[in-house]
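Work through the exercises below with the coordinates open. Each task is followed by a stepwise solution.

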Amino acid sequence: MPTITDRNFNLIARDAASVAGIEKLRFGPFAIQSGDGNGLITEDGRRLIDFSASWGAASLGHGHPAIVDAVTRTLRNMPSASILSTTHEPGVALAEKLLAITPGGEDRRVWFGHSGSDANETIIRAVEAATGKKRVIAFIGAYHGGTALSMSVSGHTAQSHAAPRPGLFLLPYPNVYRPHFPGNVGEAALAQLDYLLATVCPPHDTAAIILEAIQADGGLLVPPPGFLAAIAERAKRHGILLVCDEVKVGLARTGMMHAFEADGIQPDLISFGKGLGGGLPLSAVVGPAAILDRTTAFAMQTLCGNPVSCSAGLAVLETIDRENLTANTSARGAQLMDGLRALATKHPLIGDVRGRGLAIGVELVTDRVDKEPASKACQKIVYRCFELGLLVFYVGMRSNVLELTPPLTLTEGEATAGLAILDQAIDDVAAGRVPDAAIAAYAGW
């Protein structure tokens, strides 16, 4: 009987026997041996085009020289392991860079953590402490993290096991393809916000509104033009802090440095994560010193501001600038969107294609009139893509939206090849070539 330390025992089986299931979100037998640029090498030696980038975290792909060099230099002469009780050049330099690339007044600070979850949790704790207000407004479909407090201000069906925090009010996020209310979806959501503020969520006790400029895990929902600006205007008018969660869609992913730039707004606080570390654990909050300097030892973690992670983060930001990756994400995003819309004319399963830059959602439906979510087909397409050489995941409140968040360094040829694989995978699923048994062991969302 093989043991989990026996190298002849395959990686999937060893993983099942050793790694906790509560931290897994698996869509198939995806065993990865190594990474190579914008591709991944499987345990059996196949190369996959990476259209996920580990949910956007591997922003520069795998093994990018800038990150390798930065991390290697820091590891050779590592100045402590934290910024908690000592300071160091990588952490200060990264903080200065984040301040330089984000809008706001001069008196701002940066907090470092490990993930978008702890960044958003810190924001909520800090704004409550600084303002003395206890109410927070968020959106249905939002996924702000996996820690207790970040889950408690989220609104995703995958987190229905977590109770909302006292004082949380959830608004519908505008869904142009699948409107929840008659009329203009943006105006309907704003009307509900106005009603909340006029009744059970008074501004004098509302600390913040937290939102994503594109709602990622909720289904890659792009709000209508002007919606973010209208939220920002109301927040300013009522003295409520505006928090933008840029964890998944920020830092050049949308073809702009920040996703919120689409509406020209200036948030009070911004959270970063995922792609900031280029694959290493790193998150950050940028906000007013009056909030982030309020007291010491309020939101500290032993490895916060780890110099290796900070060096990687600085390399990511410098590479985005040096290689003009915002332009590449715009170009490759346009290429993928055009290709996907062409596929939609061929495949009735594709109900909607939406996104901005390299944050793209493809909503699958069983019928374009009724728009019934094609959840099982979505799961099978992801599985078949893996077999054919493409790694892509799915999101959405009904698990029916293919999510394309490839590395920002994606090439034209890789985009073309990925589209061809996706075309074949949809064909195969529609023709019944992927049995139910193939995905039976993978619960997904």
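This is a predicted model: local features need pLDDT of at least 70, side-chain atom pairs count only at pLDDT 80 or more; totals for chains, interfaces and linings use all residues.

Residues are numbered from 1 along each chain as its sequence is written, and side-chain values use heavy atoms, with hydrogens and water left out.

**Exercise 1.** Describe the length and the surroundings of helix α10.

Step 1. Helices (H or I, at least four residues) and strands (E, at least two) are DSSP runs, numbered from the N terminus. Helix α10 covers residues 307–322.
Step 2. From first to last C-alpha, α10 reaches 22 Å, close to the 22 Å expected at 1.5 Å a residue; the expected span is 1.5 Å times one less than the number of residues.
Step 3. Because 13 of its 16 residues are buried, α10 is largely enclosed by the rest of the structure. Buried means under 20% relative accessible area, exposed over 50%, partly exposed in between (1.4 Å probe, protein chains only).

**Exercise 2.** Find the strands joined to β10.

Step 1. Two strands pair if DSSP finds at least two bridges between them.
Step 2. Strand β4 (residues 108–113) runs antiparallel to β10, with six bridges; tryptophan 111 stands opposite valine 285.
Step 3. Strand β9 (residues 269–272) is also antiparallel to β10, with three bridges.

**Exercise 3.** Characterise the salt bridge between lysine 346 and aspartate 423.

Step 1. The criterion is a side-chain nitrogen of Lys or Arg within 4 Å of a carboxyl oxygen of Asp or Glu. Here the N to O distance is 2.9 Å.
Step 2. The two residues are 77 residues apart.
Step 3. Lysine 346 is partly exposed at 45% relative accessibility, whereas aspartate 423 is buried at 18%.
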